[in-house]
Amino acid sequence: MSFARPLPYSRHAIDEDDIAAVAEVLRGDWLTTGPAVRDFETALARQCGAEHAICCTNGTAALHLACLALGLGPDRTVIVPSITFAATANAARLAGAEVIFADCDPDSGLMLVPHLEAALERVKRANKRASAVFPVDLAGQCADLETIAACARHEGLAIVEDSCHALGTRYQRHDYSWTAVGGCADSDITVFSFHPVKNIAAGEGGAALTRSPDLAQRLALFRNHGVNRDAARFTDKEAGFEGAQVNPWYYEMTALGLNYRLSDINCALAKSQLSKLERFAATRRRLATRYDARLAGYAPLLRPITRSAHCVPAWHLYSVLIDFDALGTARGELARRLEERGIRTQVHYIPVHRHPYYRDRYGEIALPGAEAYYRRTLSLPLFVGMGEDDVDYVVENLGELLGFGTARTARRQVP
Ligand SMILES: Cc1ncc(COP(=O)(O)O)c(C=O)c1O
């Protein structure tokens, strides 16, 4: 069935059972810090195969918490791929760390091992030492995380995987075992976003997952003002106890934290959505396969981003690469004309090192892979409520506007 025009580039899929789950919380005793939070965290950790999930207000907060938990503050340097949303780098800056931008593969937008190695070289040339790397699972697919992790561990780096796009993605490790993104097989902390355009929606929401009990404790501490209520860890025994009894009001603030708590309302929605993740991911994969097939006739001038080996993505985005120079078409003009036909597109992403804030801070940086990816990329509509006829509609209009004719007859000659 067709979706009403305009087609957004992404959107949530909410059913009656999601609404019922939220209504149940609204009728209950806890709107925040209640059982729905713990239930969602337990379900998320189980889904991903991680020991601990700490949910929070959004993906940016999860990244910021990861930086705080790992001590990535002033005097620390963090490597971040330039093709990502600004929040990946901003979280490090908010914690006080400096950012070194890594280049990315021009055809997938992913930071690969040679890009990480080149970034490490730049850190060394600047007489600095990197403390962490933040691989980004762009569009829903991941690079060879195991090799990236081996390289990072060799250099003593912590690994924070930004999987805001990739809840539901699985990849194969070198021993042929399959693992879910979020299981933290190759990261210290993996973060997700539950913004409505992402793979599940919580309204706003995010989470940080880890296998380490110590990091889990620190993530939870920073999420809640740096406040500890665990009597076993009180530092001031005299204030915390009356004889052997714990003082019921007592708590201690042991670190400078924030309020990044996610409400029970959001968590109820997120848990209900999580139960449908497999179906959502399968639908997105089916739509992506349809795009792949229908766009095949437009290659090489227009083609999907390169697929990562050994990865089964839960596609968040369907991004293509268009050779605008060869086609003699400007991307803005194409996007406007698609919009007139009820097709909304987006660009993921402007390389973060090009934003004025980072240019002012770090000057001009040459990252040719990221630039080449940015020049050609466009994200087409992809969401669970779309039908295959919507995919066909997008492809046919794209083909017509780019001068390929209709998708079925597409055979444009390169000038
Ligand atoms: C790669 C990436 N990282 C981090 C974020 C931040 O997530 P949120 O919007 O939930 O703060 C986003 C959101 O768009 C993202 O795409």
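Modeller: Helices (H or I, at least four residues) and strands (E, at least two) are DSSP runs, numbered from the N terminus. This is a predicted model, where local features need pLDDT of at least 70, side-chain atom pairs count only at pLDDT 80 or more, and totals for chains, interfaces and linings use all residues. Residues are numbered from 1 along each chain as its sequence is written, and side-chain values use heavy atoms, with hydrogens and water left out.

Biologist: How do you know that strand 4 and strand 5 pair?

Modeller: Strand 4 (residues 132-133) and strand 5 (residues 158-162) share two bridges, in the parallel sense, and at least two is what pairing asks for. V133 stands opposite I159 in strand 5.

Biologist: And what makes strand 2 and strand 3 a pair?

Modeller: Five bridges, again parallel, link strand 2 to strand 3 (residues 98-102). One partner of P81 to look for is A102, in strand 3.

Biologist: What holds paired strands together in general?

Modeller: Strands of a sheet pair through backbone hydrogen bonds, either parallel or antiparallel. Here, seven strands form an open sheet in the order 1-9-8-5-4-2-3, with mixed pairing.

Biologist: Why are strand 1 and strand 3 called edge strands?

Modeller: Strand 1 (52-56) and strand 3 each pair on one side only.

Biologist: What makes strand 2 mostly covered?

Modeller: Buried means under 20% relative accessible area, with exposed over 50% and partly exposed in between (1.4 Å probe, protein chains only). In strand 2 (residues 77-81), five of its five residues are buried. T77, I79 and P81 point one way and V78 and V80 the other, and all are buried.

Biologist: Why is D392 called buried?

Modeller: D392 has a relative accessible area of 12%, so it counts as buried. D392 lies in helix 15 (residues 388-401). Leaving aside neighbours within four places in sequence, D392 is in contact (heavy atoms within 4.5 Å) with R290 and R294.

Biologist: What makes helix 9 largely enclosed?

Modeller: Eight of the eleven residues of helix 9 are buried, so the rest of the structure largely encloses it. Those buried residues pack against helix 1, helix 2 (35-48), strand 1 and helix 10 (277-295).

Biologist: Why are helix 1 and helix 9 called roughly antiparallel?

Modeller: Axes are lines fitted to C-alpha atoms, for helices over the stretch in contact, and angles run from 0 to 180 degrees between N-to-C directions. Angles under 35 degrees count as roughly parallel, over 145 as roughly antiparallel, 65 to 115 as roughly perpendicular and the rest as oblique. The axes of helix 1 (residues 16-26) and helix 9 (residues 264-274) cross at roughly 150° and come within 8 Å. Helix 1 and helix 9 are therefore roughly antiparallel.
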